Amino acid sequence: LGDGQYLLENLIILPKSSVELNILLADGGRIASQVVQAPVAAVLDSLKMDKNGSPGGGNTAGQYTLSAFWKDVPGMENYYRLKIYRNRIFQSETYILSDDRLGDGALIVRPVIRQSYDLGDTLRCELLSVNKAYFDYFTDIASASGQGLSNPSPYNPKGNLQGDALGYFGIWFVSEKTIIVR
């Protein structure tokens with residue numbers, strides 16, 4: 001696909017299977033990933049909008065916040081990313097990552113903090129059940145893009161590729177829902 005993105009169609013990867021990536025380069029070089037385990041898919045159960053504040057109560061009054069709900073897959077470590085498209089535009093600067101450390105098999109309620117939405121907005125949310133390498137890579141990106149007085153020094157996120165490559169090899173399953181702010 002270009003820009004370091006590759007597509008292999010008609011490949012079936014089953015949950016919990018072990019997979020690795022090997023790329024042979026034209027110059028004889030090789031890029032390989034660590035072995036990753038495919039996650040088990042969770043299903044995005046529902047989305048809920050809540051009105052912020054009260055009229056005249058600040059710059060978010062009259063706007064709405066989003067919460068996503070899904071049930072964690074029990075009996076294993078699970079990692080998730082919630083991706084949001086607002087009026088068909090991917091909100092790429094929002095890294096909403098979650099895991100099940102605090103409740104294996106429990107209902108996960110994930111409010112989307114620091115984001116407000118307006119009446120009439122259409123939000124399409126994708127719940128990605130991801131492997132640990134994907135989760136770790138995007139956790140690094142989220143940490144590197146911190147805000148405030150204690151910004152970290154710029155650095156490249158740690159990926160799971162060997163050789164002279166930046167990035168990660170990830171596997172994920174997607175469940176999605178759409179909600180209109182009313």
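A charge sits over a ring if NZ of Lys or CZ of Arg is within 6 Å of the ring centre and within 35 degrees of the ring normal. Keep that rule in mind. What we have here is a predicted model.

Take Arg124. Arg124 lies over the face of Tyr85, and the distance to the ring centre is 4.0 Å. Arg81 does something of this kind with Phe138. The charged end of Arg81 sits over that ring, 4.4 Å from the centre.

Now stay with Tyr85. Is Tyr85 buried or exposed? Its relative accessibility is 14%, so Tyr85 counts as buried. The cut-off for buried is under 20%.

On to ring against ring. The aromatic pairs come to 9. One of them joins Tyr85 and Phe90. Their ring centres are 5.1 Å apart. The planes meet at 40°, so we call this pair tilted. Phe90 has 28% relative accessibility, so Phe90 is partly exposed.

Next pair: Tyr134 and Tyr168. Which geometry do Tyr134 and Tyr168 form? Edge-to-face, with 80° between the planes and 5.3 Å centre to centre. Where do the two residues sit? Tyr134 is in helix α1, residues 132-144. Tyr168 is in the loop between β12 (161-162) and β13 (172-180). The two are 34 residues apart in sequence, so the pair ties together separate parts of the chain.

Look at accessibility again. Tyr134 is buried, with a relative accessible area of 2%. Tyr168 comes out at 26%, so Tyr168 counts as partly exposed.

That pair is part of a cluster. Which residues do ring pairs link into this cluster? Tyr134, Tyr137, Phe138, Tyr168 and Trp172. Notice Phe138 in that list. Phe138 is the ring with the charged end of Arg81 over it.

Last topic: backbone. Two residues deserve a look in the viewer. Lys16 has a positive phi of about 75°, yet Lys16 is not a glycine. Lys16 is found in the segment before β1 (18-19).

The other is Asn87. Asn87 is not a glycine either, and its phi is positive, about 50°. Where does Asn87 lie? In the loop between β7 (79-86) and β8 (89-90). Its relative accessibility is 38%, so Asn87 counts as partly exposed.

To recap. Arg124 is over Tyr85, and Arg81 is over Phe138. Tyr85 also pairs with Phe90. Tyr134 and Tyr168 pair edge-to-face. Lys16 has a positive phi, and so does Asn87.

Definitions and conventions. Residues numbered from 1 in each chain as written. Predicted model: local features only at pLDDT ≥ 70, side-chain atom pairs only at ≥ 80, totals over all residues. Heavy atoms only, no water. Helix = DSSP H or I, 4+ residues; strand = E, 2+ residues; numbered from the N terminus. Buried < 20%, exposed > 50% of the residue type's maximum accessible area, 1.4 Å probe, protein only. Phe/Tyr/Trp six-rings, centres within 6.5 Å; stacked < 30°, edge-to-face > 60°.
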